[in-house]
Amino acid sequence: CPEDFKRMELEPLPLMTLDFLQILSEVCEQCYLKGSLYERNNKLFQKCVFFLTGAKLVLFGSSKNGFGFKQSDLDICMTLEGQDTAEGLDSMAVIESLAKALRKHHSLRNILPITTAKVPIVKFYHTKTGLEGDISLYNTLALHNTQLLASYAAIDARVKILCYVMKVFAKVCDIGDASRGSLSSYAYTLMVLYFLQQRSPPVIPVLQEMYVGEKKPVVLVDGWDVHFFSDLKNLHKYWPGYKKNKESVGQLWFGLLQFYTETFDFKETVVCIRRIEPLTTFKKQWTSKHLAIEDPFDLSHNLGAGLSRRMASFIMKAFINARRVFGAPVRDFPPEYPNKMEYF
Ligand code: CTP
Ligand code: MG
């Protein structure tokens, strides 16, 4: 259980030198520059996604939120013309007939409808681009959280780099696949954003708590409030913390590893990016979970709910190891460093 590891196994760290922090920053920046994806253009999307009569398809997830890999999957949301919500829709039947339609498309392979998941999807592989994709139905909240994440990514270049590095870290350590019982990339992104909000001074604000005018607006989608401050051009006017944090990416990356191994109390506190005040697991009645990560809009959704005790320990061990490895200063890059980075 994560709390069993707290402090117990933490080795004292040698002093961090400025030189080493500089190297750490460069490693993070290189990692991002080599493998990250600038927003996918519509051409590629059109290549993979063909016309389905009466269907509207929109990209979301890392193709749009600024934290994508070149090989990231395509997350696609499908809605039907003339039908605003999924109400009254037989999702299973639509997913099955969607799979049937996709099977007729010559450049698509491995078409797999998954109707048992929380959000039913059809998976596919596009042979011409080598990309995998998921089509989900009326995943409207995901379109909104993609916008929220994209706004955080746009506030400060360090956000993109750190969220990206975190995803690479999760993939390399094999702790980033929700379909195999660990956490999704999305969950790790929320962990990074939470850390950046809690840092002193903070690197990013809490956009969901900010508003202009007397009263906080409420914008309801599927029964959840999706309002957030999106006027980023004027962020400096409304957020007193604007550009106050001057730390390097290396300092922040190491700070994040320290935060989740030394400071953050997983037993008591929820990773929650919609408010600055700590949210307790007790208040959410999520005390029986090993790791609680609240979705910023669907407040009933704990992204850590599916973690077994064993998996939670495995994830915590990966963080503890990373703290030790990244906290052990080296004087220079290893000689094979540039090739190593190709790995990402
Ligand atoms: N999503 C969600 N709730 C989850 C998981 C995912 O709403 N429990 C939505 C989010 O909008 C997220 C998108 O689905 O951005 C894609 O999730 P995921 O593939 O985990 O994240 P990506 O950022 O696309 O990461 P990757 O590049 O690894 O595909
Ligand atoms: Mg994705």
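In this predicted model, helix H2 packs against helix H7 with the two axes 9 Å apart. The angle between them is about 80 degrees. An angle from 65 to 115 degrees counts as roughly perpendicular, so H2 is roughly perpendicular to H7. From H2, the contact uses Cys28, Glu29, Cys31 and Tyr32. From H7 come Lys160, Ile161, Tyr164, Val165 and Val168. By class, 7 of these residues are nonpolar, 2 are charged and none is polar.

H2 has another helix partner. Its axis and that of helix H10 come within 7 Å. Here H2 spans residues 18-35 and H10 spans residues 249-263. The crossing angle is roughly 90 degrees, so H2 is roughly perpendicular to H10 as well. On the H2 side, the residues are Leu21, Gln22, Leu24, Ser25, Cys28 and Glu29. On the H10 side, they are Val249, Gly250, Gln251, Trp253 and Phe254. This contact divides into 6 nonpolar, 4 polar and 1 charged residue.

Now step back to the whole chain. The protein chain has 13 helices and 9 strands. It holds 344 residues, of which 36% count as buried. Take the contacts with a separation of 6 or more: 63% of them join residues 24 or more positions apart.

How is the chain divided into domains? The domain assignment gives domain 1 as 2-35 + 155-342 and domain 2 as 42-142. Domain 1 is therefore written as two segments, with domain 2 falling between them in residue numbering. The C-alpha centres of the two domains lie 28 Å apart. Across the boundary, 12 residues of domain 1 are in contact with 7 residues of domain 2. On the domain 1 side, helix H7 (157-172) and H8 each give two or more residues. H7 gives the most, with 4. That side of domain 1 divides into 5 nonpolar, 3 polar and 4 charged residues.

Next comes the ligand. Ligand 1 is surrounded by 18 residues. The closest are Gly61, Ser62, Ser72, Ser184 and Ser185. Which helices supply at least two residues each to this shell? They are helix H4 (62-65), helix H6 (140-155) and helix H8 (185-198). H6 gives the most, with 3 residues. The shell holds 9 polar, 6 nonpolar and 3 charged residues. Why does ligand 1 lie between the domains? Domain 1 and domain 2 both give residues to its shell, so the ligand lies between them.

Some backbone details deserve a look. The peptide bond from Ser200 to Pro201 is cis, with omega near -10 degrees. Pro201 sits in the loop between H8 and strand E6 (220-221).

One is Tyr138, at about 45 degrees. Tyr138 is in the loop between strand E5 (131-137) and H6. Is Tyr138 buried or exposed? It has 21 other C-beta atoms within 10 Å. The cut-off for buried is 20 or more, so Tyr138 is buried.

The other is Gln285, with a positive phi of about 60 degrees. Gln285 lies in the loop between helix H11 (281-284) and helix H12 (309-326). It has 9 C-beta neighbours inside 10 Å. A count of 12 or fewer means exposed, so Gln285 counts as exposed.

The loop between H11 and H12 also holds Lys289. Lys289 has 19 other C-beta atoms within 10 Å. Buried needs 20 or more and exposed needs 12 or fewer, so Lys289 is partly exposed. What does Lys289 touch, leaving out residues up to four places away in sequence? Its contacts are Asn302, Gly304 and Ala305. Lys289 and Ser308 are 19 residues apart in sequence. In space, their C-alpha atoms are 8.7 Å apart.

Terms used:
Residues are numbered from 1 along each chain as its sequence is written. Chains are lettered from A and ligands numbered from 1 in the order in which they are written. This is a predicted model: local features need pLDDT of at least 70, side-chain atom pairs count only at pLDDT 80 or more; totals for chains, interfaces and linings use all residues. A residue is near a molecule or strand if its C-beta atom, placed from the backbone, lies within 6 Å of it. Ala, Val, Leu, Ile, Met, Phe, Trp, Tyr, Cys and Pro count as nonpolar, Asp, Glu, Lys and Arg as charged, and the others, Gly among them, as polar. Two residues are in contact if their C-beta atoms, placed from the backbone, lie within 7 Å. Axes are lines fitted to C-alpha atoms, for helices over the stretch in contact, and angles run from 0 to 180 degrees between N-to-C directions. Angles under 35 degrees count as roughly parallel, over 145 as roughly antiparallel, 65 to 115 as roughly perpendicular and the rest as oblique.
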